[in-house]
Amino acid sequence: MTETTTARSSSAGQGFPDAIGFGFAELLVLLNLRRGPATEASAKALRLEGELDDASLLSAGASSLVARGAATVGADRELSVEGPVAAVTHALTGAEKLVQINLLTPGSVDNVLSVESPEYRILLQPRAYLSWFAMAQRPDTTPAEANFFIVRKHLEDNPDGGATIRLLDSSDGKQLLVKRSEKGWTVGYGHLDAPSEPIQEFPGLTDNQVLDHIRSIRQD
């Protein structure tokens, strides 16, 4: 089966949803529409690299996409996606930067994946039953600002919580830790390969100073 994508929807001008849900088998199909290094990196970030070539899952994912109108099958049995689904596909298969944001509370960990390609920037958030929600990043903000917005909203709702930000596939293994303090923001740096090492903290930071640290960890 030949699989193709088209970037624009034939229903241009119609409103698009704020978020689109995908099952993990559906994401496997989107990742396979254009294989390459970016696809492999996105699959690893989504923890799907071991299933990329699973024929039964790909068949199930394709059937699901077609059944709910998220993909169509052409006369030559090629699979085609368009509109927002095509944008998600292009972001995943053309990603130049993948940033993981962990949102921490005393009893839980949630995470958001920032996927950034030359044409599209999306956010992916896992939900129940191995499903993911995909959302477009706001075009009037930089990726670092979008990352900071997520962290800030989380800590407004969970003032006793924290957040970590790290650039996936970075060679230095560093991650940025962010939390609220009485005098502003506190950030620190930790190493994934040395979690027991003490974290040097920088307290009393302004929004702009936190943004500078986020840009640094993202290697912008």
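Pro 126 touches Asp 110, Asn 111, Ser 131 and Trp 132, not counting residues up to four places away in sequence; contact means heavy atoms within 4.5 Å. This is a predicted model, where local features need pLDDT of at least 70, side-chain atom pairs count only at pLDDT 80 or more, and totals for chains, interfaces and linings use all residues. Residues are numbered from 1 along each chain as its sequence is written, and side-chain values use heavy atoms, with hydrogens and water left out.

Two residues sit in strands. Helices (H or I, at least four residues) and strands (E, at least two) are DSSP runs, numbered from the N terminus.

| Residue | Strand | Relative accessibility |
|---|---|---|
| Pro 126 | β7 (residues 121-127) | 17% |
| Asn 102 | β5 (residues 97-105) | 15% |

Pro 126 counts as buried because its relative accessibility is 17%. Buried means under 20% relative accessible area, exposed over 50%, partly exposed in between (1.4 Å probe, protein chains only).

Beyond four places in sequence, its contacts include Asp 110, Asn 111 and Gly 162. Its side chain makes a polar contact of 3.0 Å with that of Gln 100. A polar contact is a pair of N or O atoms within 3.5 Å; within protein, one must be able to donate a hydrogen and the other to accept it, and residues adjacent in sequence count only if both atoms are side-chain atoms.

In strand β2 (residues 19-22), Ile 20 and Phe 22 point to one face and are buried.
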